[in-house]
Amino acid sequence: MKLLLLTLLGVVACAGSELDGQWITLGILADNPEKIQVGGPLRFLLRHIEATDDFQVLNVTFDIEENGKCEEYRFQAERDENGVYILLYSGKIYCIILWADQQYIVFYIVNEYEKGQVTDLILLVGRVQRSSPLPIKKLEELAKSKGIPFSSLQYIPYPGGEAFRNGRTSFFLMAIESALGT
């Protein structure tokens, strides 16, 4: 646990003030894929992150599609003594940053809901304007380390992005195939 905490603090320190700002969900994986399907309660469409109080609190804004419409949610996730961010949504959400650079963040999320049931997720988010390639190999490695099937990956088209406007939503899948050599 001590190693996990040191790793988490190191990742947060590396992300630094770069964490604040507009982010978009690029992909999501889960050990319970029904939860991340279109209309699923854990299909997070991240929009904004702001760290406050020396990273003790993350203010997050995300959309969830409900009944065919996107509803905006704003939450404060508070960091506990182990460095895990906690918020209440669809039960209890525990969240850590597994990996980050200036353009991408990979979150590991555990959702505890009804009678102790748990869903593990990995959320890949990126800056709206990105210049580096998607970290697909890193995403696959992190999913494997958490026991989440990479085959559950759901691409999340960005409504403001060119691919979405032009109806081309397969660029993410092509990037994955290219990175994996398939």
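## Basis of the model

The model is predicted, with local features requiring pLDDT of at least 70 and side-chain atom pairs counting only at pLDDT 80 or more, while totals for chains, interfaces and linings use all residues. Residues are numbered from 1 along each chain as its sequence is written, and side-chain values use heavy atoms, with hydrogens and water left out.

## Overall composition

The protein chain contains four helices and 10 strands; these are DSSP runs, helices being H or I of at least four residues and strands E of at least two, numbered from the N terminus. Along the sequence, the elements follow the pattern α-β-β-β-β-β-β-β-β-β-α-β-α-α.

Of the 182 residues, 47% count as buried (under 20% relative accessible area, with exposed over 50% and partly exposed in between, for a 1.4 Å probe and protein chains only). The accessible surface of the chain, by the Shrake-Rupley method with a 1.4 Å probe, is about 9,600 Å², and carbon and sulfur atoms account for 51% of this surface. Among contacts (heavy atoms within 4.5 Å) between residues at least 6 apart in sequence, 51% join residues at least 24 apart.

## The sheet

An open sheet is formed by 10 strands in the order E1-E3-E4-E5-E6-E7-E8-E9-E2-E10, with antiparallel pairing; two strands pair if DSSP finds at least two bridges between them. Strand E1 (21-22) and strand E10 (154-155) stand at the edges with a single partner strand each, so one side of each has no neighbour in the sheet.

Strands E8 (residues 104-113) and E9 (residues 117-126) run antiparallel and are joined by 10 bridges; Tyr104 has Gly126 in E9 as its bridge partner. Helix H2 (residues 136-145) lies across E2, E7, E8 and E9, at about 165 degrees to E9; axes are lines fitted to C-alpha atoms, for helices over the stretch in contact, and angles run from 0 to 180 degrees between N-to-C directions.

## Nonpolar cores

A nonpolar core is a set of buried Ala, Val, Leu, Ile, Met, Phe, Trp, Tyr and Cys residues joined through side-chain atoms within 4.5 Å. The largest has 31 residues, of which Phe44, Ile49 and Phe107 touch the most other members. Strands E2 to E9 each supply at least two residues of this core. A second, separate core of 20 residues includes Leu26, Val84, Ile122 and Phe150.

## Gly83

Gly83 lies in the loop between E5 and E6 and is buried, with a relative accessible area of 1%. Its C-alpha atom is separated by 8.4 Å from that of Gln56, 27 residues apart along the chain.
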